[in-house]
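Subject: Structure for your review

Hello,

Please find the structure below, with notes on what was found in it.

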Amino acid sequence: MSPATTVRRYAREIERLWSGMTDGPVVLSPRDWERIRSWHDRGIPLQIVREAMESVVERRTRSRASRNLSRVAPVVDEAWQVV
């Protein structure tokens, strides 16, 4: 499997998970793709990303939360530093 295919699969899984957590379809922005590529390149497991997304969803307010990954990124980075 090529590295590009691996990154796409990783990103699509994140996109699928995030869509399920935000109650609707999510289209990843170019910035989200860069973030995800960075996570993949750093070897951050999907499990950590998923847990970070769950944490953000649990903490968000009733107001319509952003569907991009900007709120998730610092949580992923923090979790990865712990690991």
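S19 lies in helix α1. Please keep in mind that this is a predicted model. With a relative accessible area of 17%, S19 counts as buried, because the cut-off for that term is under 20%. Apart from neighbours within four places in sequence, S19 is in contact with G24, P25 and V26.

The helix itself comes next. α1 has 19 residues and spans 27 Å from its first C-alpha to its last, close to the 27 Å expected at 1.5 Å a residue. Its buried residues are V7, Y10, A11, I14, E15, L17, W18, S19 and M21. An α-helix has 3.6 residues a turn, so residues three or four places apart point the same way. The buried residues of α1 pack against α2 and α3. After α1 comes D23, which has a positive phi, near 55°.

Now the core. The largest nonpolar core holds 21 residues, of which W39, M53, L69 and V72 touch the most other members. Two or more residues come from each of α1 (3–21), α2 (30–41), α3 (46–59) and α4 (73–82). The largest contribution is that of α1, with six residues.

Leaving out residues up to four places away in sequence, M53 touches I14, L17, W18, M21, L69 and V72. Of these, I14, L17, W18 and M21 are among the buried residues of α1.

Regards

Notes:
Residues are numbered from 1 along each chain as its sequence is written. This is a predicted model: local features need pLDDT of at least 70, side-chain atom pairs count only at pLDDT 80 or more; totals for chains, interfaces and linings use all residues. Side-chain values use heavy atoms; hydrogens and water are left out. A nonpolar core is a set of buried Ala, Val, Leu, Ile, Met, Phe, Trp, Tyr and Cys residues joined through side-chain atoms within 4.5 Å. Buried means under 20% relative accessible area, exposed over 50%, partly exposed in between (1.4 Å probe, protein chains only). Helices (H or I, at least four residues) and strands (E, at least two) are DSSP runs, numbered from the N terminus. Contact means heavy atoms within 4.5 Å. The expected span of a helix is 1.5 Å times one less than its number of residues.
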